[in-house]
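Have a look at the fold, then read on.

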Amino acid sequence: MTQQTSQTPPGVPGPLPSFTFFGRSDDDPQSWADALRLNPDGFRPGQFEWWYTDGHLSNGMTFVASYHLEIDAEGVVRPYVTINLATPDGVVQDEKVRFDASEATFDREICHARVGPHFIRSHDGLKHYEIFVDPGANGGNGLHLHLERAVQSYAPGPDDGTEPPGPYFRWVCAVPSGTLRGTITIGGVEHEVIGSGYHDHNWGNVPMGVLVRDWHWARGSAGEYTAVAASVRFNNGMTLNNVFVASPAAVAIAEAGPGVGFRASGPVAQPDTGKRIEGEAHFSAGDETSGTVRFSGEKVMSSFIFDRDPQFNWWYTRFDAALEIEIRHGDDLVRRSGRAILEHMDFRGETRHGEGG
């Protein structure tokens with residue numbers, strides 16, 4: 001299943017094997033993989049790190065909660081959280097909430113990111129997490145959930161805990177899929193929920209727009225399978241695709257590089273800028289086991305300026321999406337359908353003067 005790129009974009013170590021797997025045994029949780037990866041004794045302008053979670057809940061709601069550390073151009077630490085809560089009837093909250101540096105802490109041994117009163121923390125390596133958004137500090141909206149990993153943790157590309165040379169950004173998928181239990185609070189009313197959740201972790205040493213033009217990323221569950229896929233277009237003209245499909249029992253497909261195809265279709269208008277983006281993303285991969293995953297964006301759940309540089313606003317758009325998985329191994333063919341989250345991050349979303357980039 002291992003694929004290698006003959007070239008690599010800036011900041012991507014090469015040659016690029018398909019995946020590094022973490023915590024394969026009970027006595028090897030590799031907690032460091034999801035702890036703070038930047039060096040707090042040497043924060044530099046442009047560095048960033050965040051811990052992202054999302055989930056589909058039994059009452060029909062979806063959520064995204066992410067906990068961010070950002071160092072601005074003047075070297076000032078700028079922590080914040082992003083919160084997106086939606087019911088089947090529409091978005092309840094979609095907000096980026098900033099805090100002072102003195103209100104945030106980030107652990108270097110385990111995942112424990114606290115930003116204001118909100119936090120994500122590990123209770124057992126990469127296997128068990130607690131996710132909290134304080135409704136008392138968030139207008140009566142919040143959540144308190146426990147996430148138990150059900151599928152193998154991994155990172156696209158190599159990750160041995162060292163810092164890559166040169167400009168880079170990295171990604172660890174600690175929980176490709178897991179079970180959620182706890183409460184979600186909307187308008188001060190608390191609801192008991194179960195559901196399916198996801199958690200990953202990103203960091204880098206330069207603003208992402210320095211390296212990346214745009215990306216499509218999606219994750220979802222269909223039957224016993226979880227699918228996570230991404231297509232990243234770099235500013236040097238290269239594209240890097242990866243796709244991961246697994247059940248609790250085994251990894252079915254894990255490929256990155258030229259062995260993974262990507263086709264974007266179904267263009268829709270970005271709701272704020274009017275720029276055409278892709279509402280569907282199709283990924284394919286094949287070796288002894290071949291497969292296709294299709295994420296079809298159906299409804300925009302979130303749209304906001306994630307950040308900006310001197311020339312462009314960086315627009316982020318998230319879709320509630322349908323998911324179709326097809327896996328072929330020999331003469332056996334398996335098809336599954338489910339739900340997903342599909343996102344488009346556009347570092348050329350519009351110029352600072354409001355025109356399409």
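Let's start with a pair of strands: β18 and β19 (residues 276-286) run antiparallel to each other, joined over 9 bridges. Strands here are DSSP runs of E with at least two residues, numbered from the N terminus, and two of them pair if DSSP finds at least two bridges between them. Within this pairing, Gly 261 sits opposite Ser 284 in β19.

Before going further, a word on the ground rules: this is a predicted model, where local features need pLDDT of at least 70 and side-chain atom pairs count only at pLDDT 80 or more, while totals for chains, interfaces and linings use all residues. Residues are numbered from 1 along each chain as its sequence is written, and side-chain values use heavy atoms, with hydrogens and water left out.

Now zoom out to the sheet. How many strands form this open sheet? There are 9, in the order β17-β16-β15-β14-β22-β21-β20-β19-β18, with antiparallel pairing. The edges belong to β17 (251-256) and β18 (260-269); each has a single partner strand, so one side of each is left without a neighbour in the sheet. Neighbouring strands are turned by 15° against each other on average, direction ignored; the axes behind that angle are lines fitted to C-alpha atoms, and angles run from 0 to 180 degrees between N-to-C directions.

Next come the charged side chains. Side chains of opposite charge can pair when their charged atoms come close. A salt bridge here is a side-chain nitrogen of Lys or Arg within 4 Å of a carboxyl oxygen of Asp or Glu, and the count comes to 14 salt bridges.

Arg 219 lies in strand β14 (residues 212-222) and Asp 54 in strand β2 (residues 48-57), so the pair ties together parts that are 165 residues apart in sequence. Are these two residues buried or exposed? Both Arg 219 and Asp 54 are buried, where buried means under 20% relative accessible area, exposed over 50%, and partly exposed in between (1.4 Å probe, protein chains only).

Glu 70 counts as buried at 14% relative accessibility, whereas Arg 98 is partly exposed at 44%.

Arg 339 is in strand β22 (residues 332-351) and Asp 320 in strand β21 (residues 312-329), so they tie together parts 19 residues apart in sequence. Arg 339 is partly exposed, with a relative accessible area of 33%, while Asp 320 is buried at 16%. Glu 298 joins in too: Glu 298, Asp 320 and Arg 339 are linked in a network of salt bridges.

What about cysteines? With a disulfide taken as a pair of cysteine sulfur atoms within 2.5 Å, the count comes to 0 disulfides. Cys 111 is in none, and its nearest cysteine sulfur, that of Cys 173, is 13 Å away. Cys 111 is buried at 1% relative accessibility, and Cys 173 is buried at 0%.

Finally, a loop: Pro 167 lies between β11 (153-156) and β12 (169-186), and is partly exposed at 37% relative accessibility. The C-alpha atoms of Pro 167 and Gly 204 are 7.7 Å apart, although 37 residues separate them along the chain.

Notes
Helices (H or I, at least four residues) and strands (E, at least two) are DSSP runs, numbered from the N terminus.
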